[in-house]
Amino acid sequence: MTPPTSDLSSISSTDPAARRALADEIKHACMEVGFFYGTPQLHTSLNFPSYFETVKNHGIPETVMQDTLAQMTRFFDLPLDKKLEVENKKTSNFMGYNPVLSGNNDPNGAGDLQEGFEFKFEPLDDGSHGADKDTAIARGGHHGCTSIQISPGSRNSGPPSHRALKLGRLLFPLFALALDLPEDFFADKTKHSAAIMRLLHYPPQFGEVDDRVIGIGAHTDWECFTILWQQPGIQALQVLNSFKEWINVPAIDGTLVINLGDQFARWTNDVFTSTVHRAINRSGVERYSIPLFFGTDYNVPLEPISSCVSDERPARYEAITAGEYIRSRHQATYGHY
Ligand SMILES: O=C(O)CCC(=O)C(=O)O
Ligand SMILES: [Fe+2]
């Protein structure tokens, strides 16, 4: 069984019909199933509650990912004391290195069996390419060290993190179209790339696994959507379907996984829901993955889109800014501030 794969080659198309067709595919996935395995029967019986699928033709060659993997491996192979020099406890915004078991994504869990390195992207402050004066406000108090400064470029150039960033920016207009909003609805809310990347390393787990200590415990992601690269050929990621069954999401060469997070659930008052997932590495070998989380700018209030609120569907979430929300989730996960 293979998961569905959306072809993103028309993501930059200016043809309205091609854009509408891709947006419709995303809308269907977001609202009805989200992740499916080919045949209509299975599609119905798996019944995923929200968007979770793989995409191809995303503009990031697998060779580039293999180079990135080699560099990640070098970092995680360093002695622990070296890695602790850049521990996330030392930054005001949770960026940096987290040792094994220092984070806990599932409140019912006892720690995540992975180590990671987290960093984010900020526009250059030199004013040369539109980083405007409200940059500091847009950072919403969630800025600090371990950020990578970015300048614009094409989707198919630059280091992998920048390519992935550009891919994410191209997805926002399609999500807007999928919600029957103007394509530029998120443009003024995503001016400053509130995107966070994690480099993750999961040691293998052998024998009987205590459900409370797995690679990453059951959780939803915090931002609007996540673009995830998984090391090909190693099974670990699982998504919860509406029958509360854990379904494997295989790592397929040349594809990325895309899933929705809490900010979209808040924007849409749960018309788009965030997908519960977890990872357990029982492969017997080390596993690496790279999620890139895309949110709105940190100063943006997460307010439900008016078409998603009605008498039958009253607002489900309290208003909060994106930055406050992400900070509260970092605090709950790492618990050291
Ligand atoms: O490693 C994976 O496949 C998933 C990682 C993940 O869910 C996360 O970092 O939020
Ligand atoms: Fe996640």
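Which helix do the buried residues of H8 pack against? Before we get there, keep in mind that this is a predicted model.

Let's begin with H8 itself, which covers residues 322-334. With 13 residues at 1.5 Å a residue, helix H8 should span 18 Å, and the 18 Å between its end C-alpha atoms agrees with that. Several of its residues are buried: Ala 322, Gly 323, Tyr 325, Ile 326, Arg 327, His 330 and Thr 333. The answer to our opening question is helix H7 (262-267), against which these buried residues of H8 pack.

Now turn to the largest nonpolar core, which has 63 residues. Within this core, Ala 195 and Leu 292 have the most contacts. Helix H6 (residues 160-178) gives the most to the core, with 9 residues. In soluble globular proteins, nonpolar side chains tend to be buried together.

Finally, have a look at ligand 1. Four strands, E6 (195-202), E8 (225-230), E12 (277-279) and E13 (287-294), each supply at least two residues of the shell around ligand 1. Among the residues around ligand 1 are Arg 198, Asp 221, Gln 230, His 277 and Ser 289, along with Leu 200, Ile 216 and Pro 291. By class, the shell around ligand 1 comprises 7 nonpolar, 3 polar and 2 charged residues.

Methods. Residues numbered from 1 in each chain as written. Chains lettered and ligands numbered in written order. Predicted model: local features only at pLDDT ≥ 70, side-chain atom pairs only at ≥ 80, totals over all residues. Expected span 1.5 Å × (residues − 1). Buried ≥ 20, exposed ≤ 12 C-beta atoms within 10 Å, placed from the backbone. Contact = placed C-beta atoms within 7 Å. Near = placed C-beta within 6 Å. Nonpolar A, V, L, I, M, F, W, Y, C, P; charged D, E, K, R; others polar. Core = buried A, V, L, I, M, F, W, Y, C linked by C-beta atoms within 7 Å.
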